[in-house]
Amino acid sequence: AQPVPGEDAIRALGRLPGLAQNGISAQSSIRGGETGELLTLLDGFPLRQAFHIPGYQSVFGVLDPGLIDEAEVYTGGFPVRYGNRMAGVFDLSTIDATREPSTALGLSVFNAMARRGGSIDAADVDWLAAARVGTLRPFIDAFATEAGEPTYADVYARAGYGDVDRVRVTANMLWSRDELAISREGLDESAQIESRNRYLWLRADRDWENGIESSLWLGHSIVDSFRAGSMDKPGIAVGSVTDRRSSEYKEVRGRGAWQFHPRHWVEGGFEWTKEYAVYHYAAEATYTDAVAELFSRDTSLVRATELNPNRERLALFAAHRWQINDILVSEVGLRAQRTITAGTTAEAWLYDPRIRLRWQVTQSTDLRAHWGRFYQTDEVHELKVEEGLTAFPEAQRSDQLIVGVEL
């Protein structure tokens with residue numbers, strides 16, 4: 001319900017304590033961390049690129065806010081079921097397909113949208129679909145001729161069958177595309193940015209007897225981008241870049257939880273991901289002697305990178321929550337993950353131990369404490385070839401000690 005530009009669910013979360021945005025981008029930084037250190041999930045499935053125009057400020061999110069029923073947000077100290085990101089988590093859940101109103105239409109400066117949900121009770125089937133198309137381009141053409149020409153759209157669809165008391169299965173799809181062209185003839189600059197993202201996943205949920213629940217995800221993701229640019233400023237610099245990259249993810253995820261005693265709860269699970277990418281990168285740049293000396297760089301830069309990285313990642317996690325007494329609750333967990341890049345020596349297992357405590361001091365006051373370790377390895381689409389890297393760096397590590405008071 002927050003008033004934010006672009007009817008953007010992800011941008012609205014930036015108003016929560018501990019998060020910061022720069023006013024233009026919809027990406028959030030958490031407690032001083034980088035934007036790439038945030039994990040975004042939609043109904044438990046990871047969205048590796050959740051923004052339109054990611055190569056130019058990531059101005060809008062790809063999710064219609066009317067689709068979001070609940071957002072579970074961690075700004076640090078998150079449980080072991082979340083991993084490979086150091087700063088925080090956006091765990092988003094979509095609405096029930098039968099929620100009223102079942103049909104919605106909208107038009108604004110930023111988007112034209114349509115959303116529809118429904119069910120077939122006799123067949124125990126429900127469905128939900130939404131589509132948005134950007135409407136910003138005509139306004140920019142009229143009032144800001146050198147600001148670029150953005151085109152963007154996204155589509156979400158879900159079909160579900162059954163219920164969790166037996167087995168509930170949902171088929172999910174999220175697709176987005178965007179383009180941006182900038183031409184500044186007076187400044188002798190031009191640029192073009194395109195991106196395509198597609199997420200397909202199946203999810204199965206089951207609530208068993210004796211307090212056991214389980215979920216399984218099977219998914220396929222594609223993240224593509226293309227950039228082209230040129231600049232011609234005699235006496236300063238001449239440069240050109242062409243950057244095309246495509247990545248693919250195949251993955252299986254599972255999670256189970258068991259409330260085997262009124263005061264004891266355990267959970268465990270696994271994640272397996274196979275990652276592929278193709279990088280075609282080129283760069284040419286020539287600087288005058290004065291500019292090169294000013295920025296401490298060579299007078300020329302020439303790069304031409306062709307890479308086909310292939311990675312496999314496995315993660316296992318388990319946690320135990322114990323209500324020690326009526327006012328004190330603890331949770332102890334361990335996450336282990338390993339990433340193997342084809343053609344290199346296999347990396348060792350990385351371990352993330354995490355401990356959380358909650359002490360109910362009074363009826364309205366809780367004291368919370370967390371200590372944990374968080375490892376993050378680059379995913380296959382995150383290799384910074386534009387900075388000259390041809391191999392993935394070692395995993396980053398963050399140790400966090402957090403104490404907070406909840407009133």
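How many bridges join strand β7 to β8, and do the two strands run parallel or antiparallel? Six bridges join β7, residues 68-74, to β8, and the pair is antiparallel. The structure is a predicted model.

- β8 spans residues 88-94.
- Of the seven residues of β8, six are buried, so the rest of the structure largely encloses this strand.

**Backbone geometry in the loops**
- Most peptide bonds are trans, and most residues other than glycine have a negative phi.
- The peptide bond from E100 to P101 is cis, and its omega is near -5°.
- P101 lies in the loop that links β8 to β9 (103-107).
- D43 is not a glycine, yet its phi is positive, near 50°.
- The loop between β3 (38-42) and β4 (45-46) contains D43.
- I53, also not a glycine, has a positive phi of about 50°.
- I53 sits in the loop between β5 (51-52) and β6 (60-61).

- D43 counts as buried because its relative accessibility is 12%, and the cut-off for buried is under 20%.
- I53 is likewise buried, because its relative accessibility is 5%.

Key
Residues are numbered from 1 along each chain as its sequence is written. This is a predicted model: local features need pLDDT of at least 70, side-chain atom pairs count only at pLDDT 80 or more; totals for chains, interfaces and linings use all residues. Side-chain values use heavy atoms; hydrogens and water are left out. Helices (H or I, at least four residues) and strands (E, at least two) are DSSP runs, numbered from the N terminus. Buried means under 20% relative accessible area, exposed over 50%, partly exposed in between (1.4 Å probe, protein chains only). Two strands pair if DSSP finds at least two bridges between them.
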